[in-house]
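Subject: Structure for you to look at

Hello,

Here is the structure I said I would pass on. Please have it open while you read the notes that follow.

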Amino acid sequence: IFYGFVKASVQRRIALYQAAEKSSNSESWAFNSSMDYINNYKEEGIRGLLTYTHRETEARVRAAALAKIKSHAGWEAELIQILEQGPLSEKYWVIAFLDGNEPEHPKDFIQPVSNCIPKLISGLQESLRDPYSLHLGYINIEALCRVLDTHFKDSAALFRPNMLKLQKTLEATPAKRKSADGKEWFDESL
């Protein structure tokens, strides 16, 4: 009995040590796999790299993704095209890109960002009405406000009408979420 108890205790300590070691290596694994993806990226466009340019992404990963994006000819045109025609989920990543990075020609983005806001508003309205909608996750209003304040402060008059509509939309009472997890996430996001 004593042997079995000691053996189980030692195995438990080894398992805890291995779990702690694995968790400390998971950050380096995430970093290495992100860097491998970026370095080996061979796609025509930049869409697959946008997720690495979020302002909360590790600085070295973001810098590598930004350098790779800027190595593509017409990268700003592709960002503008996504803002104008892309789905809501891709617009999220362009706004996140602009939130953490400076475009080379910010004036080219003024009208596309302005035209994008009504689409964000309609996604927000849908999310507020539909208790199953996940569109709120694709509408990062905080990042949008930072983008407008950082890059387009001189064009505030152009953005004001749409931002007022966005603010009015946020005043609506949302439909009650159907699951507790969904409600917690939704309330936090809202």
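Which residues have the most contacts inside the largest nonpolar core? They are V113 and L144, in a core of 44 residues. A nonpolar core here is a set of buried Ala, Val, Leu, Ile, Met, Phe, Trp, Tyr and Cys residues joined through side-chain atoms within 4.5 Å. Buried means under 20% relative accessible area, exposed means over 50%, and partly exposed is in between (1.4 Å probe, protein chains only).

Before the rest, a note on the source. The model is predicted, so local features need pLDDT of at least 70 and side-chain atom pairs count only at pLDDT 80 or more, while totals for chains, interfaces and linings use all residues. Residues are numbered from 1 along each chain as its sequence is written, and side-chain values use heavy atoms, with hydrogens and water left out.

In soluble globular proteins, nonpolar side chains tend to be buried together. Helices are DSSP runs (H or I, at least four residues), and strands are runs of E (at least two); both are numbered from the N terminus.

Leaving aside residues up to four places away in sequence, V113 touches L83, L98, L144, L148, F152 and F159. Contact means heavy atoms within 4.5 Å.

Helix α6

The buried residues of α6 are I141, A143, L144, V147, L148 and H151. They lie on the same side of α6 because they cover an arc of only 160° around the axis, the arc being that of the directions from the helix axis to the C-beta atoms. An α-helix has 3.6 residues a turn, so residues three or four places apart point the same way. The face turned away from the buried side of α6 carries the exposed residues E142 and T150. Among the elements that cover the buried residues of α6 are α4, α5 (110-129) and α7 (156-170).

Salt bridges

A salt bridge is a side-chain nitrogen of Lys or Arg within 4 Å of a carboxyl oxygen of Asp or Glu. How many are there by this rule? The count is seven.

One of them joins D99 and R146, at 2.7 Å from N to O. This pair links distant parts of the chain: D99 is in helix α4 (residues 88-100) and R146 is in helix α6 (residues 141-151), 47 residues apart. D99 is buried, at 12% relative accessible area, and R146 is partly exposed, at 23%.

Another salt bridge is between D149 and K153, with the closest N and O atoms 3.5 Å apart. D149 is partly exposed at 45%, whereas K153 is exposed at 55%. Through shared partners, salt bridges also join R55, D99, E142 and R146 into one network.

E58 and R60 form a salt bridge as well, at 3.0 Å from N to O. E58 is partly exposed at 36%, and R60 is exposed at 52%. R60 also lies over the face of F31, at 4.1 Å from the ring centre. R177 is placed over the face of F186, at 3.7 Å from the ring centre. A charge sits over a ring if NZ of Lys or CZ of Arg is within 6 Å of the ring centre and within 35 degrees of the ring normal.

Aromatic pairs

Rings of Phe, Tyr and Trp (its six-membered ring) pair if their centres lie within 6.5 Å; planes under 30 degrees apart count as stacked, over 60 as edge-to-face and the rest as tilted. The whole structure has five such pairs. Y92 and W93 make an edge-to-face pair, 4.9 Å centre to centre with 90° between the planes. Y92 is buried at 16%, and W93 is partly exposed at 26%. F152 and F159 make a tilted pair, 5.7 Å centre to centre with 35° between the planes. F152 is buried at 2%, and F159 is buried at 2%. Ring pairs also link Y37, Y41 and Y52 into a cluster.

A loop residue

E43 is in the loop between α1 and α2 and is exposed, at 53%. From E43 to A77 there are 34 residues in sequence and 16 Å in space, C-alpha to C-alpha.

Regards
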